[in-house]
Protein chains: 2
Amino acid sequence: MTGQLSNTETWSLLACSVASLGVLSNTWSSDGAPVFASLALSGLAFSSSYAIIRWTGDAFIRVGRKGKDMSKKQPIELPEMMGLVSALVYLLCIIAFLPFAFKHDIVAATSGGGNKDVVIEAQVVETGRFLHRFPLEKLASYGFAYGTLATVIILGIIDDFFDIRWRHKFFIPAFASLPILGLYFVDFGVTHVVVPIALRPYLGEIVDLGSLYYLYMSAISIFCPNSINILAGINGIEVAQSIVIAMLILLNDAFYLVPSTPTLHPATDSHLFSVYLLLPFLGVSFALLKHNWFPAKVFVGDTYCYFAGMVFAVVGIMGHFSKTLMLLFIPQIFNFIYSAPQLFHIVPCPRHRLPRFNARTGLLEPSKATFSPEKPLNKWVGEVLKVLDTLKLLRVEMDEKGTVVSTTNLTILNLWLVWRGPKREDRLAVEILAMQTFVGLLGLAVRHRLALVIFSQDNL
Amino acid sequence: MTGQLSNTETWSLLACSVASLGVLSNTWSSDGAPVFASLALSGLAFSSSYAIIRWTGDAFIRVGRKGKDMSKKQPIELPEMMGLVSALVYLLCIIAFLPFAFKHDIVAATSGGGNKDVVIEAQVVETGRFLHRFPLEKLASYGFAYGTLATVIILGIIDDFFDIRWRHKFFIPAFASLPILGLYFVDFGVTHVVVPIALRPYLGEIVDLGSLYYLYMSAISIFCPNSINILAGINGIEVAQSIVIAMLILLNDAFYLVPSTPTLHPATDSHLFSVYLLLPFLGVSFALLKHNWFPAKVFVGDTYCYFAGMVFAVVGIMGHFSKTLMLLFIPQIFNFIYSAPQLFHIVPCPRHRLPRFNARTGLLEPSKATFSPEKPLNKWVGEVLKVLDTLKLLRVEMDEKGTVVSTTNLTILNLWLVWRGPKREDRLAVEILAMQTFVGLLGLAVRHRLALVIFSQDNL
């Protein structure tokens, strides 16, 4: 990577920026829907993070943020932690979007015109504005969402620099989620959930979880960032899986937003909030993916994984659709459960579990955890592994006595290679992403079809 | 530094934490004033950052965040950037404070009791609460203040790691101030200022600065962090000057808050907000000062300077008392103007301008910028320096031809040493802080006495 944009890139990015600026200025002057402003800002976010990633790569290498890509025949040093650029551009976008999000309300509140169905009450405040109808609760949401994302970026940077132990860094996102949990406590405070029909005889129709609900939200915000962070190890997979999740959430939002009835859905605001947070996320992520896709020119770092996961957690929690969100995380949930024996050291866990690169074939193969005679595998665990081998859920190797001496590492990437044989890195990524998209679509279908069976009504 | 707390420290910190927790729990159950909660949280903030700074110092050294203290006879390596710990604990405090800040409103909004003068309107929202009277605009302020501070911490970390060029990093705080400027735009939008009497014939009583006002606020938020960052170079001065400024702002807040009339001052909320933001700041800063004071065990890093300056900028901007704030920055403003010839390279600027340590006497002396014959000083600049020397505003050295060959570096610390002779490092710090306190108190006196002359009424 030379650190320079090619001529084609320069002109394409400029064209994209100029078009975005045009849409943006048009949206502002015509009082257009904020969604167009959000789209235009995403375009700007894409072009600027694309260029900045290219320009600053060398600076990251200079301060030691670099690593070798071990799944290549000639590993070269690549800049690490480049997701930081995307994350910062994203923060800027969210702030730049504020005036567009609230322009309509500012106009309605100041002039009294422009929005004739607003009944303005005689409550002139010191500033000379009618603030009565101003959606301050939406404004507070933006502030705290921003605070949470900025915090997770701080902690991601600290993690990338300090190389924190896994069992500590697992809880990092919990700290970062405090701003939105604080907001939730102060502002909404809704801690009841609708009970599935089967359990209603015992629990009633609605149950108030109280402080358990905060634990639940905290768990969501710990899970999303970490689950993206551990479904990693091949070029592009962290960013691309995040892009797939973002698009699936947008699809779900569209169900609520695309007008099918004359009245707006009561959850319109929540889902608009989600759209406004996800569009610029897609902008900065596509720019990063272009550099991180096989063969990678940059690595994204834990900063990006935390940041991406926290965007989803914020959107799900503030939008009150965290259960739906979990349906879109099925491959990550599977990967987490499947990894658990190694994460909790029931099965020995090597430092890196990414698929092994076979330099002869140029293909990736499942990597293995081997058990030395000094540190043998627990006998019962060995038996369970053999059963899982029979079920084709991993592949073990045994010595002549039938003792398990190695197993493929317990990640979804290795499992996929066990099932479908050695693959080139980009091919593996594409197949995993296709599977993820399919499972996600299925999840959404189940969500909106079967909700009737479980909850007696879909909230769509 | 062993990285361990002594027994005395452990017990003192535990006692402080337990007392703080007691006050906190009492405040919660008795619906006490949030200011007690804020005080208690500051106690917790002090003890926890004190301990964490001690425990994590070695980890900072391990990842290369270290530097030598050149003003000591035996310079040893000290951890750098430890202000990050204070900044993170501070963020946590601000969030933990939210439920206390809003408890009264939550109670009033939910039960309808507890606050009998609130007229509850029949506006039951979906959550079952009367949200009508909930001060959401205050909540949004917290969110965006948090966002701004988290952003400036990110940028401080990046600056500390990447060693950004001075002319770039000068503008770093402008990025960080965007959240509060965005909030200001969307929510308050007050861009008029009261005109001093002398100018009223030309400008009228109130003038609307429009977008200039945003430039002004942006300038404040660029100035505060940078001015603290350049009044640096001896043990403890960055933290101690911030503590002095924070206490002076608190004193000014007290003028508005301490009841002198039966009705509350209209600016009560702004000044309470300032108190709530500054008390925990004092907590984390005192813990840092204990480690950073002469002889320093840790360095604070640009992260702390940016963070501290931005706390003041946020408080001043959101509290609408940015002009008063500037009166408390007079030594920093003087230092900035005095430094300008070197900052803008009119006078050559060496890499470091901190006072020179004389190992023989153990005292600090003014450091010098020397002008080589290859790169001589502009003749006219030399003449100006000679005049300034006569005015005792610096000290030059001349060769036999009367050409200026060196000048003391243009910082307030060097100037103080020119005036008052060589001093030990802590003595210099104490004198500068005493001067700063005196000037600040004078500033406040002028503010509240002379305001009548300039603005026809004091807003007190």
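Is Asp426(A) buried or exposed? Asp426(A) is buried, with a relative accessible area of 16%; buried denotes a relative accessible area under 20%, exposed over 50%, and partly exposed the range in between, with a 1.4 Å probe and protein chains only.

The structure is a predicted model, in which local features need pLDDT of at least 70 and side-chain atom pairs count only at pLDDT 80 or more, while totals for chains, interfaces and linings use all residues. Residues are numbered from 1 along each chain as its sequence is written, chains are lettered from A and ligands numbered from 1 in the order in which they are written, and side-chain values use heavy atoms, without hydrogens and water.

**Chain A**

Chain A has 460 residues, of which 55% count as buried. Its secondary structure comprises 17 helices and 9 strands, where helices (H or I, at least four residues) and strands (E, at least two) are DSSP runs numbered from the N terminus. Contacts (heavy atoms within 4.5 Å) can be sorted by sequence separation: among those in chain A between residues at least 6 apart, 72% join residues at least 24 apart. The accessible surface of chain A is about 20700 Å², and 64% of that surface belongs to carbon and sulfur atoms; such areas come from the Shrake-Rupley method with a 1.4 Å probe, and for residues only the protein chains shown count as cover.

**The interface between chains A and B**

At the interface, 46 residues of chain A are in contact with 46 residues of chain B. The two chains bury about 4000 Å² between them, 84% of it on carbon and sulfur atoms; buried area is the accessible area (1.4 Å probe) that two parts lose on being put together, summed over both. Ile154(A), Phe162(A) and Val186(A) supply 16% of the area that chain A buries against chain B, more than any other three residues.

Between chain A and chain B there are 0 salt bridges, a salt bridge being a side-chain nitrogen of Lys or Arg within 4 Å of a carboxyl oxygen of Asp or Glu. The count of residue pairs in polar contact between these chains, both at pLDDT 80 or more, is 2. A polar contact is a pair of N or O atoms within 3.5 Å; within protein, one must be able to donate a hydrogen and the other to accept it, and residues adjacent in sequence count only if both atoms are side-chain atoms.

The elements giving two or more residues to the side of chain A that touches chain B are α2 (34-62), α3 (83-111), α4 (136-162) and α7 (178-188) of chain A. The largest share, 17 residues, comes from α4(A). By class, this side has 36 nonpolar, 7 polar and 3 charged residues; Ala, Val, Leu, Ile, Met, Phe, Trp, Tyr, Cys and Pro count as nonpolar, Asp, Glu, Lys and Arg as charged, and the others, Gly among them, as polar.

**Salt bridges**

Over all chains, the whole structure holds 26 salt bridges. Three of them are tabulated below.

| Pair | Closest N to O |
|---|---|
| Asp426(A) and Arg424(A) | 2.6 Å |

Arg424(A), the partner of Asp426(A), is partly exposed at 43% relative accessible area. In chain B, Glu9(B) lies in helix α1 (residues 7-30) and Arg54(B) in helix α2 (residues 34-62), so the pair links distant parts of the chain, 45 residues apart. Glu9(B) is buried at 15% relative accessibility, and Arg54(B) is buried at 11%. Lys72(B) is buried at 16%, as is Asp69(B) at 6%. In chain A, Arg420(A), Lys423(A), Arg427(A) and Glu431(A) are linked in a network of salt bridges.
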